[in-house]
Amino acid sequence: MASLITCPHCGVRPKEEFTIRGDASLVRPAPTASDETWHDYVYVRANPRGRTLEHWQHAGGCRRFLVVERDTFTHEVYSVTDGAAFARENGK
Amino acid sequence: MRYSAFSIVKNALSGNLKWKPQWRQAEPKSHYDVIIVGGGGHGLATAYYLAKEFGVKNVAVLEKGYLGSGNVGRNTTIVRSNYMLPGNEPFYEFSMKLWEGLERELNYNVMLSQRGVIMLYHSDGQRDAYIRRGNAMWMEGVAAELIERDQLKKMIPFLNYDHARYPILGGLLQRRAGTARHDAVAWGYARGADRHGVDIIEHCEVTAIRRENGVVTGVETTKGFIGCGKLALAAAGNTSRVGEMADLKLPIESHVLQAFVTEGLKPCIDHVIVYGGGHFYISQSDKGGLVFGGEIDGYTSYAQRGNLATAEHVMEEGVTMIPGLSRVRVLRSWAGVMDMSMDGSPIIDRTPIDNLYLNCGWCYGGFKATPASGYCFAHLIAKNDTHPVARFLRLDRFARGYAVDEAGAGPQPNLH
């Protein structure tokens, strides 16, 4: 359930401590990228029914950005990773 | 069968055994001129106006569940046209005017109740914003009234006027706005469409969209392949999934919005009241229950159920506005899955595929738009030309820099 999120720094916390910032699977294009690439990045979403990656900020706790892997239908949370660690792993 | 006082008396005298079903249980034909995916309010209204106003008779509506199982039966029944932007106000006012004639049009009691919608303000800045909105409404010929605190206290005495953080200073009232019976709207349009020859096919889920030479030729469904000349998508909540079948890239996220109803009370809330300090709205149903809702749950979701924490938050806002609400028991809660578009406004447009049409992105404002959405979508499908009041609701408006951002929140769906 997405009522509880396990912050890798603070442990299990209620969802209210977090601010959700949306899709974390998007990669920010280069400043010189085409208008179409930027349009897709800012506006277009895959919006899957199933597994998805999202940015959640633990605003009421350690204030770290996290990447939560979650199912959009069952609300099951598969993993919570620190945002910086996620970016390093994925080379962003 | 036409409904009338005479038909009621006649059927009562024959033991109410001779009422006919309101629409046929149609089985799919092999080919239709137009197939509409989605048997919700918008899909049914589109079918109705296509057949009645635009003379397209060979139409089918495909619904994966039963009629009224989606958002048309999962909302708080509010109808209004108190918008500000030129891309919105004429459209919603067109809808309001259709609402006002809907019962006569459909020969069906949709229980339209123009009890007035009042949006409360809590600060001088918010007051100015509402004056601006009211003026924008007047410029489109729509009446709006600013109600000052003293006058409001006489109208609605039970609000918490002296809240420390959100004192209620007044409100913006649209008297013609109100509520309608949501199920009756779906049934009325279904019956109307059926009378004009539309096939309404329930329990028929679309599983794929078949294309040949760049045009859509039909849909694969759980009841087999059905061919079509034009395909119209009105599958709110699941638009991304249906759109994916035709490789559409859409500015849509699916979010869940909850609503609640309390035990039945004697008449106590005369208007629809919207709390501007947070995001809370309440009205009383004709049966007596208080119907209310608040913000979306905040994260993408395809589950037709909500999160308890959001329910708690909505209750808190309600009790902040009406302290007496804490004494009332909530009987039921439910949730609907909505397309949240990136600017909070809907999309009624053609797609890059010539005979594929799209109606989506209603966020949490789809119910009030049902008649105008159906009319404008039918206009678009029949004439291949956008209806004037829907001309801002284009799919490519983000790329062109013409977002219709009523809330001024930017491209972030959970902020609208």
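Let me begin with chain A, where four strands form an open sheet in the order β3-β4-β5-β6, with antiparallel pairing. Strands here are DSSP runs of E of at least two residues, helices are runs of H or I of at least four, and both are numbered from the N terminus. Two strands pair if DSSP finds at least two bridges between them. The edges of this sheet are β3 (19-23) and β6 (77-82) of chain A, each pairing on one side only. Ignoring direction, neighbouring strands are turned by 25° against each other on average.

A word on the basis. This is a predicted model, in which local features need pLDDT of at least 70 and side-chain atom pairs count only at pLDDT 80 or more, while totals for chains, interfaces and linings use all residues. Residues are numbered from 1 along each chain as its sequence is written, chains are lettered from A and ligands numbered from 1 in the order in which they are written, and side-chain values use heavy atoms, with hydrogens and water left out.

Staying in chain A, strand β5 (residues 65-71) runs antiparallel to β6(A), and 5 bridges join them. Arg70(A) is opposite Val77(A) of β6(A). The hairpin of these two strands has 5 residues between them, and there His75(A) has a positive phi near 70°.

Next, the interface. Chain A puts 27 residues in contact with 25 residues of chain B, contact meaning heavy atoms within 4.5 Å. About 2,200 Å² is buried between the two chains, with 49% of that coming from carbon and sulfur atoms. Buried area is the accessible area, with a 1.4 Å probe, that two parts lose on being put together, summed over both.

Now chain B. Its open sheet has 8 strands in the order β5-β6-β4-β13-β14-β15-β12-β16, and the pairing is mixed. β5 (145-148) and β16 (330-341) of chain B are at the edges with a single partner strand each, so one side of each has no neighbour in the sheet. From one strand to the next the twist averages 25°. Inside this sheet, β4 (residues 117-121) and β13 (residues 272-275) of chain B pair in the parallel sense over 3 bridges. Val117(B) faces Val272(B) of β13(B) across that pairing. Helix α9 (residues 308-321) of chain B packs on the sheet, with β4, β12, β13, β14, β15 and β16 of chain B among its contacts, and its direction makes about 135° with that of β15(B).

Axes are lines fitted to C-alpha atoms, for helices over the stretch in contact, and angles run from 0 to 180 degrees between N-to-C directions.

The axes of α2 (residues 41-52) of chain B and α10(B) come within 7 Å and cross at roughly 55°. That makes α2(B) oblique to α10(B); under 35 degrees counts as roughly parallel, over 145 as roughly antiparallel, 65 to 115 as roughly perpendicular and the rest as oblique. Residues in this contact include Tyr49(B) of α2(B) and Phe377(B) of α10(B).

With α3 (residues 89-100) of chain B, the angle to α10(B) is about 105° and the axes are 7 Å apart. That makes α3(B) roughly perpendicular to α10(B). Among the residues in contact are Trp99(B) of α3(B) and Cys376(B) of α10(B).
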